[in-house]
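Please look through the structure below before reading on. The paragraphs that follow treat its strands, its charged pairs and its surface in turn.

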Amino acid sequence: RPRAPRAPPPAPQAPLPYDKVLQTFRKHLTKVRRTTESTASLYSRHLRPFLQGIYSGGRLAFREITASYVEASVAHKATTYKPKTVKSYCTSLRAFFRFLRLTGETELSLEHAVPTVPDWKLSTIPKYLRKEQIAVFMSSFRETPVGLRDRAMAFLMATAGLRAGEVANLKIDDIDWRKSSIRLDKTKSCRTDYLPLVSTASEALVAYLQRRPRSVERHLFVTHLTPIGRPLTTSAVSRAIRRAFMRCYPGEPSRGPHVLRHTLATGMLEKGATFKEIADILRHKNIETTAIYAKVDIQGLKHAVLPWPEVTL
């Protein structure tokens, strides 16, 4: 029985004005402000709903934006999202409003109208996996080409502290097998870093490369489904790690790639590493960022507790 002919793919829609604005803004961020692609992508995701809200009559009403409208937008965001996400949204708005003034779209300093969102540092405890949990997690990946790829990515995050975007940008030439090192370009700090490649991660990479699809791309991690051989995006790397967590812990809240960075840091702390050593591996610019891991050093915190005087009646 002959198959029915497939319907032709839908014609691509013409980009809307806010798509063009976001594209120009992302180029400004990466070329002028020297932000990473992942940061520019995050800002664009935050700004798309805002631009859709001011899109009217086939145009973007930049000159009609008021301080009260900006405050209302942030207040609405705060009713749905966590403070950290709202704070990131505010940062995106400030950067975009400065961009509008630079391009002459507005004369108002709207960035000063964006409210400050309280998000106190060190107010939370970082989520991490215990030794037995990380063992279960790493053993959950299947021996398929996709499973081997995802396991190799997880090992790089858990043993070298790589971020999802850094894993996505990793090239085959960035792995120095003789020196057992990883070279990172286009990092969050806009510099080139070198990290150790431990044996477990090296073995996972070798197993993956033996099943990696043939591709002209020099990116280390590529797609295995149609279109085959394209570099993975940052969001694709994050989704792969989240899927693995959902397989291991289906009844628990979803966890992302940063849990593996936290696991590496807490493991180093338990082995006696200093905060400076942890900061070097995680590539923190400010060691205060690393100080949050002091909260998981329970034994060390016990010695910091002051004696409580007894009260006799």
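Helices (H or I, at least four residues) and strands (E, at least two) are runs assigned by DSSP and numbered from the N terminus. By this rule, Arg243 lies in helix 9, which covers residues 234-248. The model is predicted, so local features need pLDDT of at least 70 and side-chain atom pairs count only at pLDDT 80 or more, while totals for chains, interfaces and linings use all residues. Residues are numbered from 1 along each chain as its sequence is written, and side-chain values use heavy atoms, with hydrogens and water left out.

Consider next the strands. Strands of a sheet pair through backbone hydrogen bonds, either parallel or antiparallel. Two strands are said to pair if DSSP finds at least two bridges between them. Here, three strands form an open sheet in the order 3-4-5, with antiparallel pairing. Strand 3 (175-176) and strand 5 (193-196) are the edge strands, since each pairs on one side only. Between strand 4 (residues 181-184) and strand 5, the antiparallel pairing runs over four bridges; Ser181 has Pro196 in strand 5 as its bridge partner.

The charged pairs come next. Side chains of opposite charge can pair when their charged atoms come close. A salt bridge is defined as a side-chain nitrogen of Lys or Arg within 4 Å of a carboxyl oxygen of Asp or Glu, and the whole structure holds 13 of them. One joins Asp173 to Arg218 at 2.8 Å, N to O. This pair links distant parts of the chain, 45 residues apart: Asp173 is in the loop between helix 7 (164-169) and strand 3, and Arg218 is in the loop between helix 8 (199-209) and helix 9.

How open to the surroundings are such residues? A residue is buried under 20% relative accessible area, exposed over 50% and partly exposed in between (1.4 Å probe, protein chains only). Arg218 counts as partly exposed because its relative accessibility is 42%. In another salt bridge, Asp150 and Arg149 meet at 3.0 Å, N to O. Asp150 counts as buried, at 6% relative accessibility, and Arg149 is likewise buried, at 6%.

Patches consist of residues with over 30% relative accessible area and no salt bridge, where like charges are joined within 9 Å and nonpolar side chains (Val, Leu, Ile, Met, Phe, Trp, Tyr) within 5 Å. Arg142, Arg239, Arg243 and Arg247 form a positive patch. Arg243 counts as partly exposed because its relative accessibility is 40%.

Notes. Areas by Shrake-Rupley, 256 points an atom, 1.4 Å probe, with all protein chains shown as cover. Lys, Arg positive; Asp, Glu negative; His and termini not counted. Charge placed at Lys NZ, Arg CZ, Asp CG, Glu CD.
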